[in-house]
Amino acid sequence: MKITICDDSIKDLLKVEKILLKYKTLYPDKNFELEKFSDPSRLYHKISEGKLADIYILDMLMPGRTGIDLGNLIREAGGESIIIYITASDDYALEAYGVHAVRYLLKPINENKLFEALDYALSYTKVKTEPLYLIKTKDGLIQRPYSGIEYIENASRRLEVHLSGGEVFKTLFIRKSFEEEIREIAEKPNFQQIHKSFLINFDYVKQLTQDSAVMESGRRLPVSKSRAAEVKREYLLFVSGKYR
C-alpha cells in the first residue's frame with residue numbers, strides 16, 4: 001500500500017507527513033509506504049509513466065500543475081486510486097468531485113479530519129482489492145469483503161451475516177439448504193462450518209473448545225459433536241499456517 005503526498009508548501013507537506021506517521025504509529029495494522037513530492041511536475045511525470053499509488057493526498061493549488069491536473073491524469077491513466085484534496089480555499093470543491101475525490105479538506109489541516117479520511121480511504125482500498133461476498137437482502141444486493149465476516153448463522157430460513165464491526169445483515173428466505181448456500185465461502189481456508197446452522201471465520205475465534213467457539217464479538221457458538229474433531233483439526237492447521 002502506497003500513499004503519495006504532493007504539496008508545494010514544504011511546511012504543509014511536512015505537517016501532513018507528520019500526521020500520517022502518527023496515524024501509522026497508532027494503527028500499526030494499517031501498514032503503508034509514504035512518498036512525498038513538493039514539485040507537482042515530478043509527480044505528473046511519474047503518473048504519466050503509469051506508476052500509480054493507492055492513495056493520493058494532493059494540494060489543490062500548486063504552480064505548474066494543479067491538484068485537478070494530477071487527478072485528471074490519474075483517472076485518464078485508468079487509475080482507481082483514492083484521491084484526497086487539501087486546499088486553502090473551498091472554491092474548487094466541484095472540480096474535486098469531478099475526479100471522484102473522496103474528501104476535500106481545508107487548511108490548516110485538522111488531524112482528526114485527516115484521520116477520518118485515511119480510515120475511509122484505507123477501508124475502501126481494502127474492499128476494492130478483496131473478494132466480496134454478495135448478501136441478498138430486501139433492500140437489494142450488498143457486498144462485503146470475506147475478511148470482514150465473523151460468522152454466518154442460519155436463522156429461520158434466512159442467513160444472518162455478522163460482520164466484525166457489529167453490523168448484521170439478514171438475507172431473503174433461502175431456497176437451498178444452509179450447506180448449499182454457504183458452499184462457496186466455506187471453501188475459503190479460514191472459514192469452517194461448525195454446526196448445521198453456523199459457519200465461522202477462524203480469524204475471529206478467541207477460544208475453541210470441544211463444544212463451542214467463542215468469537216471476538218463475545219458470542220459463544222455451538223460446535224456439533226459430529227463436527228468437533230474436524231473443526232479442531234482444521235483450526236489447528238489454520239493457526240499453525242498463520243503463525244509459521
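Student: Which exposed residues sit on the face of helix H2 turned away from its buried side?
Tutor: This is a predicted model, where local features need pLDDT of at least 70, side-chain atom pairs count only at pLDDT 80 or more, and totals for chains, interfaces and linings use all residues. Residues are numbered from 1 along each chain as its sequence is written, and side-chain values use heavy atoms, leaving out hydrogens and water. Exposed means over 50% relative accessible area, buried under 20%, and partly exposed in between (1.4 Å probe, protein chains only). On that outward face of H2, the exposed residues are Arg42 and His45.

Student: And which residues of H2 are buried?
Tutor: Helices (H or I, at least four residues) and strands (E, at least two) are DSSP runs, numbered from the N terminus. H2 covers residues 40–48, and its buried members are Pro40, Leu43 and Ile47.

Student: Within what arc do the buried residues of H2 fall?
Tutor: Look down the helix axis and take the directions from it to the C-beta atoms, which define the arc. The buried residues line one face of H2, so they fall within an arc of 60°.

Student: Which helix is among the elements covering those buried residues?
Tutor: Contact here means heavy atoms within 4.5 Å. The cover includes strands S1 (2–6), S2 (33–37) and S3 (55–59). Also included is a helix at residues 67–76, namely H3.

Student: Which residue caps the N-terminal end of H2?
Tutor: Go to the backbone nitrogen of Ser41. A side-chain oxygen lies 2.9 Å from this nitrogen, and the residue providing that oxygen is Asp39.

Student: Is Asn190 buried or exposed?
Tutor: Asn190 belongs to the loop between helix H7 (183–186) and strand S11 (191–195). Its relative accessible area is 15%, so Asn190 counts as buried.

Student: Which side chain joins that of Asn190 in a polar contact?
Tutor: A polar contact is a pair of N or O atoms within 3.5 Å; within protein, one must be able to donate a hydrogen and the other to accept it, and residues adjacent in sequence count only if both atoms are side-chain atoms. Not counting residues up to four places away in sequence, Asn190 touches Ile200, Asn201, Phe202, Asp203 and Phe238. The side-chain polar contact, at 3.3 Å, is with Asp203.
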